[in-house]
Amino acid sequence: MVRHELERGVPSQRQLRVGELVRKTLVDVFQRGNFRDPDLVSVSITVSEVTVSRDLKAATVWVMPLAGRDREPVLAGLSRAAPYLRREVARRVRLRSVPALTFRIDSAFDASSRINRLLSDLEITTDSEAIDGT
């Protein structure tokens, strides 16, 4: 059964654990905010998830800047800071090998806000109103 789950792309417990360790470590580093890159200075970044490859050598970090502003410059700054961030993760977390970090914008925030807008625009009627015809 485990082999079938791995073939379908379900992450293993180790992948999930390493991803969560890397996420927590990056959150700590971002909270400190000691960046020299002008695109990252005084920017609040949310790390929503870290997905790790099967061989644990690559990790995709899903991020969103506060209020979704300046996405492209922040993403470029994070790509430039990736070696520094990888060293910080290596310094704080004991892993055999620290995954290479790739940063992507998390579109889940946009999708959830779009769904919330759609739901707030709908006229919702109760069952009793529909039966009464009012």
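Let's start with helix 2 (residues 13–32), which lies across strand 1, strand 2 and strand 3 and runs at about 155° to strand 1. Helices (H or I, at least four residues) and strands (E, at least two) are DSSP runs here, numbered from the N terminus. Axes are lines fitted to C-alpha atoms, for helices over the stretch in contact, and angles run from 0 to 180 degrees between N-to-C directions. Helix 3 (residues 71–92) packs on the sheet too, touching strand 1, strand 2 and strand 3, and its direction makes about 165° with that of strand 3.

Before going further, please keep in mind that this is a predicted model, in which local features need pLDDT of at least 70 and side-chain atom pairs count only at pLDDT 80 or more, while totals for chains, interfaces and linings use all residues. Residues are numbered from 1 along each chain as its sequence is written, and side-chain values use heavy atoms, with hydrogens and water left out.

Now for the whole chain. The protein chain has 5 helices and 3 strands, and along the sequence they follow the pattern α-α-β-β-α-β-α-α. Of its 134 residues, 28% count as buried (under 20% relative accessible area; exposed is over 50% and partly exposed in between, with a 1.4 Å probe and protein chains only). Among contacts (heavy atoms within 4.5 Å) between residues at least 6 apart in sequence, 67% join residues at least 24 apart.

Next, the sheet itself. Strands of a sheet pair through backbone hydrogen bonds, either parallel or antiparallel. In this structure, the 3 strands form an open sheet with the order 1-2-3 and mixed pairing; two strands pair if DSSP finds at least two bridges between them. Strand 1 (45–52) and strand 3 (100–105) stand at the edges with a single partner strand each, so one side of each is left without a neighbour in the sheet. On average, neighbouring strands of this sheet are turned by 30° against each other, direction ignored.

You can follow the two pairings residue by residue. Strand 1 and strand 2 (residues 58–65) pair in the antiparallel sense over 7 bridges. Here Val50 stands opposite Val61 in strand 2, and Glu49 stands opposite Trp62. The hairpin of these two strands has 5 residues between them, and Leu56 takes a positive phi near 65° in it. Strand 2 and strand 3, by contrast, pair in the parallel sense over 6 bridges, with Leu101 in strand 3 as the bridge partner of Ala59. Leu101 also belongs to the covered face of strand 3, along with Phe103 and Ile105, whereas Ala100, Thr102 and Arg104 make up the uncovered face.

The buried residues of helix 3 include Val74, Leu78, Ala81, Leu85 and Glu88, and what covers the buried residues includes helix 2, strand 1, strand 2 and strand 3.

Val74 is buried, with a relative accessible area of 2%. Leaving aside neighbours within four places in sequence, Val74 is in contact with Asp39, Leu40, Val43, Ile45 and Pro65. The side chain of Glu88 makes a polar contact with that of Arg91 (2.9 Å). A polar contact is a pair of N or O atoms within 3.5 Å; within protein, one must be able to donate a hydrogen and the other to accept it, and residues adjacent in sequence count only if both atoms are side-chain atoms. With neighbours within four places set aside, Glu88 is in contact with Thr25, Val29 and Arg32.

Finally, look at Val98, in the loop between helix 3 and strand 3. At 11% relative accessibility, Val98 counts as buried. Not counting residues up to four places away in sequence, Val98 touches Arg86, Val89 and Ala90. The C-alpha atoms of Val98 and Val18 are separated by 9.3 Å, with the two residues 80 apart along the chain.
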